[in-house]
Amino acid sequence: VFGTFANMMKEQGLNMILNFYYGPIVNAARALSYQVLSALQGFVGNVNIAVRPQIVQSYVKAEYDRCLSLMYNQSKLSLGILCLLSYPILLELDHILIIWLGNDVPHYTNIFITIVVLTSFVNNMNTAVSAIIHASGNMKRYQLITSIITLSSLPVIIILCKYGASPYVAFILGLIFTIVMQIASLFILKTVISFRIME
């Protein structure tokens, strides 16, 4: 519940912050970037759904080598699919936006899409990690730490927006906090299953 609450607060809070400091056009650009992301995530999500039960089953059966192998392979596969789908989009983003929206493309849309896709790369690595942590049943510390990291981005974004930072700084901060969350998740995972973090 706390994890879902933190994600909801981050998403809705960011909407409110962008709307308050930069107006509805920047909010429209954010909405468009998340439309592109949700289309890309639809493909990757199917891979994650297919592999997750096997990761849980391997952990429950104490087949830890297979569990880690599935975690690595799921991360590689989902990153590969995301890369394959997003690379042509990011390469021709300006042309795609003109075809999609005509000449009324909201300012910052292409920057927002690029940063949101990069953030998605990091988030996809966390899917397999969270599957193992949830399989262990030791979710409390993981949810608490990742939720606090997620929520702590909002005050920093508010301060930067208040002092006139560009709207895309909020997205860059989101990427940085996602990287911090991923690193914290790996250390939490190390308490659940033995593995080398560098791997």
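Tutor: What follows is a walk along helix 2 and its surroundings. This is a predicted model, in which local features need pLDDT of at least 70 and side-chain atom pairs count only at pLDDT 80 or more, while totals for chains, interfaces and linings use all residues. Residues are numbered from 1 along each chain as its sequence is written, and side-chain values use heavy atoms, with hydrogens and water left out.

Helix 2 covers residues 24-60, where helices are DSSP runs of H or I with at least four residues, numbered from the N terminus. Its axis comes within 9 Å of that of helix 5 (residues 109-136), and the two cross at roughly 20°; axes here are lines fitted to C-alpha atoms over the stretch in contact, and angles run from 0 to 180 degrees between N-to-C directions. Helix 2 and helix 5 are therefore roughly parallel, a term for angles under 35 degrees, whereas angles over 145 count as roughly antiparallel. Sorted by class, the contact of helix 2 with helix 5 has 19 nonpolar, 10 polar and 2 charged residues; Ala, Val, Leu, Ile, Met, Phe, Trp, Tyr, Cys and Pro count as nonpolar, Asp, Glu, Lys and Arg as charged, and the others, Gly among them, as polar.

In helix 5 lies T109, which counts as buried because its relative accessibility is 1%; buried means under 20% relative accessible area, exposed over 50%, and partly exposed in between, with a 1.4 Å probe and protein chains only. T109 and R30 are 79 residues apart in sequence, yet 6.8 Å separates them in space, C-alpha to C-alpha.

Turning to helix 3, its axis is 9 Å from that of helix 2, and the two pack at an angle of about 170°, so helix 2 and helix 3 are roughly antiparallel. The contact of helix 2 with helix 3 has 17 nonpolar, 7 polar and 1 charged residues. The loop between helix 2 and helix 3 contains A62, which has a positive phi of about 65° although it is not a glycine, and A62 is partly exposed, with a relative accessible area of 44%.

Within helix 3 (residues 64-91), the buried residues include C67, L68, M71 and S78. Helix 3 also bends by about 25° at L85, and a proline, P88, follows within four residues; the bend at a residue is the angle between axes fitted to the seven residues ending there and the seven starting there.

Methods: Parallel < 35°, antiparallel > 145°, perpendicular 65-115°, else oblique.
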